[in-house]
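Hi,

Here is the model I promised to pass on.

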Amino acid sequence: IEWGVTLPLIDEFIGVEIHADLALNARTWMSFDPQVNNYGIALLAEGNIGGGASSGVFKLSTNANAQLGISGTYFSNGSYDVTGCGSVKAGVSAEVFYGLGWTGVDITSPDFGLKMKISDSGCNFNLMLGSCGENICP
């Protein structure tokens, strides 16, 4: 699902843009081994939102990304593993037309979040660097 709008403001000297998109990814898997089979499912939901303003001499934009994911595996020997996480990332950029070209700065945070793992041997919580997509739903 994607949505966006561009609005010309102030006699069309400044343009404003707002956009958002949502995505849901799912996958399943099975692995058959002579000693233990496993069956799994993973879901990853991702949302992006951003916006900006620009004119002939400046550009300013912002964006944010959030992910929620869960992945579970059941093993035929009765053990299981369920991992869930949430991650966020945000950024801002600014540019001005100076001399013969555009110059500016772009600041983006790294992906960071919280990861939880529950299995037949216990559970734990960890802070993580990276997105849910990189850590539990690759």
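Below is what turned up on the disulfide, the aromatic rings and the nonpolar surface.

Some ground rules: this is a predicted model, so to speak of local features pLDDT has to be at least 70, side-chain atom pairs count only at pLDDT 80 or more, and totals for chains, interfaces and linings use all residues. Residues are numbered from 1 along each chain as its sequence is written, and side-chain values use heavy atoms, with hydrogens and water left out.

Cysteines to begin with. The structure has one disulfide, taking that as a pair of cysteine sulfur atoms within 2.5 Å. Its partners are Cys-85 and Cys-132, with 2.1 Å from S to S. They sit 47 residues apart and tie together distant parts of the chain: Cys-85 belongs to strand S5 (residues 80–98) and Cys-132 to helix H1 (residues 132–135). (Helices, H or I with at least four residues, and strands, E with at least two, are DSSP runs numbered from the N terminus.) Cys-85 is buried at 7% relative accessible area, and Cys-132 is buried too, at 0%. Cys-123, on the other hand, is exposed at 57%. Here buried means under 20% relative accessible area, exposed over 50%, and partly exposed in between, with a 1.4 Å probe and protein chains only.

Now the rings. There are two aromatic pairs, counting rings of Phe, Tyr and Trp (its six-membered ring) with centres within 6.5 Å; planes under 30 degrees apart are stacked, over 60 edge-to-face, and the rest tilted. Phe-32 and Tyr-39 have centres 6.2 Å apart and planes at 75°, so they are edge-to-face. Phe-32 is exposed at 58%, while Tyr-39 is partly exposed at 31%. Phe-97 and Trp-102 also pair edge-to-face, with 5.6 Å between centres and 75° between planes. Both are partly exposed: Phe-97 at 40% and Trp-102 at 35%.

Finally, the surface. A nonpolar patch with about 1000 Å² of accessible area together includes Phe-32, Tyr-39 and Ile-118. Patch members have over 30% relative accessible area and no salt bridge; nonpolar side chains (Val, Leu, Ile, Met, Phe, Trp, Tyr) are joined within 5 Å, like charges within 9 Å. (A salt bridge is a side-chain nitrogen of Lys or Arg within 4 Å of a carboxyl oxygen of Asp or Glu; areas are Shrake-Rupley with a 1.4 Å probe, where for residues only the protein chains shown count as cover.) S3 gives the largest share, three residues. Ile-118 lies in strand S7 (residues 112–119) and is partly exposed at 33%.

Cheers
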